[in-house]
Amino acid sequence: MGKGGGCVPSKTKQPPVSDDPVSSQEAAPIPVHDDETIDVATTSLEPRIPSKLKIFIVFYSMYGHVEGLAKRMKKGVDGVEGVQAFLYRVAETLSDDVLMKMKAPGKDVGIPEITAAELVNADGVLFGFPTRYGCMAAQMKSFFDSTGQLWKEQKLAGKPAGFFVSTGTQGGGQETTAWTAITQLTHHGMLFVPVGYTFGAGMFKMDTVRGGSPYGAGVYAGDGSREANETELALAEHQGKYMATIVKRLAQT
């Protein structure tokens, strides 16, 4: 962006990433100066050779549909030698009282909540969320809104990332939800990795209701009672494996 354009991170005066990231409820304004430039050496583009590559599967799931995809996706990542997946959930923004009225089940206590600052430790990230009118759920958007410090320092630049989603119906906008989410990756300089049609014949199955698209795995939840079928889960597993191979390939270049 040209002089005075705005989204130019600081080189000369960069506060460290805090263990207590910018509040997901209200991000503080970030001052920007015209003469500031990126020091690539301080971003995630700096080459490193970890003992085992890490892919974070970061999701929000109210009724368990996205969580089901996430767990199957982890299986795909872990099946690739030298790569390991870690499951994280983003913080809930609704009160327990509201969740009870919505009949939302309890969270899996074995899956920890992630903070924005922890994203820098990942070699790749898969974000999963249900749709709300063609966009990601507010809980996931709130998490992205808390990544302002990472954006300022471009700490996530160059990291590959992908999406998987849940919608109520076929008209719920699985592809549209991914489109609107890509803007988050763009501002961070992350690399969007769609699954494409690498799933092969499974992408063309028409004999059953099937979620998922070239943008990523997906499930149709219906009124909430429908669970992901085997084709939807298999696509999630494939996406995990595919992302792992891409992350591994990038690490070797």
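A residue counts as buried when its relative accessible area is under 20%. In this predicted model, strand 5 spans residues 160–167. By that cut-off, 8 of its 8 residues are buried, so the strand is largely enclosed by the rest of the structure. Both faces of strand 5 take part. Pro160, Gly162, Phe164 and Ser166 point one way, and Ala161, Phe163, Val165 and Thr167 point the other way; all are buried.

Strand 5 pairs with several other strands. With strand 3, residues 124–132, the pairing is parallel and runs over 6 bridges. Within this pair, phenylalanine 163 of strand 5 is the bridge partner of phenylalanine 127. Strand 6, residues 191–192, runs parallel to strand 5 and is joined to it by 2 bridges. Here alanine 161 stands opposite phenylalanine 192. Strand 7, residues 218–220, also runs parallel to strand 5, with 3 bridges between them. Threonine 167 stands opposite tyrosine 220 in this pair.

Helix 5 covers residues 174–188 and has 15 residues. From first C-alpha to last, helix 5 reaches 22 Å, close to the 21 Å expected at 1.5 Å a residue. Its buried residues are Gln174, Thr177, Ala178, Ala181, Gln184, Leu185 and His188. An α-helix has 3.6 residues a turn, so residues three or four places apart point the same way. Glycine 189 follows helix 5, and its phi is positive, near 75°.

Key. Residues numbered from 1 in each chain as written. Predicted model: local features only at pLDDT ≥ 70, side-chain atom pairs only at ≥ 80, totals over all residues. Heavy atoms only, no water. Helix = DSSP H or I, 4+ residues; strand = E, 2+ residues; numbered from the N terminus. Expected span 1.5 Å × (residues − 1). Buried < 20%, exposed > 50% of the residue type's maximum accessible area, 1.4 Å probe, protein only. Pairing = 2+ DSSP bridges.
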